[in-house]
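I opened a new page for this one and went through the model step by step. Here is what I looked up, in the order I looked.

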Amino acid sequence: MLYLASRSPRRTELLTRLDRPFRALDLEVPEVRAADESATAYVQRVAADKARAGLARVGDDAAAVVIGSDTEVVLDGRVFGKPVDAADAVAMLGALSGRTHQVMTAVAVVAHGRQDGVLVISEVSFIDIGQDAIAAYVASGEPMGKAGAYAIQGGAERYIRHLAGSYSGVMGLPLQQTEQLLQTFELKGVAHV
């Protein structure tokens, strides 16, 4: 059975597009970056932590394949996680305004005795966003719970001047790369159904 170790409705929606039966697992996995941990190492570790936690939860299923994913927004080496409050969201969006940042999404796929993963890095360029527009967007509530305080598939799309990379990766699960990982697991004898 295929499992998605995620509480994200966006990831659930995205994985549904791959037309594979799966079950979402509601897990709480700590997302704390170590002081000396690079942004790429951090996002990959958290994705793997989620997948391994999911596998531990469904350990009695010998055919379990678990997907874990993590997405972070990075600007000048600074990781912009989920805003803690509205002021934090305003500050994040102000920093991203008029700049190009990276969105790193790591996907880890684990099964009993096997783990693989991929890191997808996209570049997103924002137009200059005025303070009133930022305040209105934050007031909508959409930035809360989103890395970098925005949802590309929502109201923030109007501020994106250019995207180079994976749209679904910026949303939280790069579909092409996830499909390739799942196919690799099948070729190695780990079925998803």
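My notes below go from the overall build to ring contacts and then to pockets.

**Entry 1: the overall build**

First a reminder to myself: this is a predicted model. I started with the secondary structure, and the protein chain comes to six helices and seven strands. Reading along the sequence, I wrote down the pattern β-α-β-α-β-β-α-β-β-α-β-α-α.

Next I looked up the dimensions. Along the principal axes, the C-alpha atoms fill a box of roughly 55 × 35 × 25 Å.

**Entry 2: aromatic pairs**

How many aromatic pairs does the structure hold? I found two.

I took F126 and Y150 to begin with. Their ring centres are 4.9 Å apart and the planes stand at 70°; edge-to-face needs over 60 degrees, so this pair is edge-to-face. The two residues are 24 apart in the chain, and the pair links distant parts of it: F126 belongs to strand β6 (residues 114-126), while Y150 is in the loop between α4 (131-139) and β7 (160-164).

Then I turned to Y137 and Y159. This pair is also edge-to-face, with 6.1 Å from centre to centre and 75° between the planes. Here too the pair links distant parts of the chain, 22 residues apart, with Y137 in helix α4 and Y159 in the loop between α4 and β7. Y137 has a relative accessible area of 5%, so I noted it as buried. Y159 is at 10% and counts as buried too.

**Entry 3: charges over rings**

I wanted to know which charged side chains sit over a ring. R78 has its charged end over the ring of F80, 4.1 Å from the ring centre. R114 lies over the face of F185, and there I wrote down 4.0 Å to the ring centre.

**Entry 4: the largest pocket**

What volume does the largest pocket have? It comes to about 490 Å³. I noted 28 lining residues, and those closest to the pocket centre are S8, R10, R11, K82 and G145.

Which elements give two or more residues to this lining? They are α1 (9-16), β3 (65-75) and α5 (167-171). β3 provides the largest share, four residues. Sorted by class, the lining has 12 nonpolar, six polar and 10 charged residues.

**Entry 5: the second largest pocket**

The second largest pocket holds about 150 Å³ of space. By class, that gives three nonpolar, two polar and four charged residues.

Definitions and conventions:
Residues numbered from 1 in each chain as written. Predicted model: local features only at pLDDT ≥ 70, side-chain atom pairs only at ≥ 80, totals over all residues. Heavy atoms only, no water. Phe/Tyr/Trp six-rings, centres within 6.5 Å; stacked < 30°, edge-to-face > 60°. Buried < 20%, exposed > 50% of the residue type's maximum accessible area, 1.4 Å probe, protein only. Lys NZ or Arg CZ within 6 Å of the ring centre and 35° of its normal. 1 Å grid on protein atoms, 1.4 Å probe; cavity = no way out; pocket = protein on both sides within 12 Å on 5 of 7 lines; lining within 4 Å. Points joined across faces, edges and corners; volume = space filled by probe spheres on them. Nonpolar A, V, L, I, M, F, W, Y, C, P; charged D, E, K, R; others polar.
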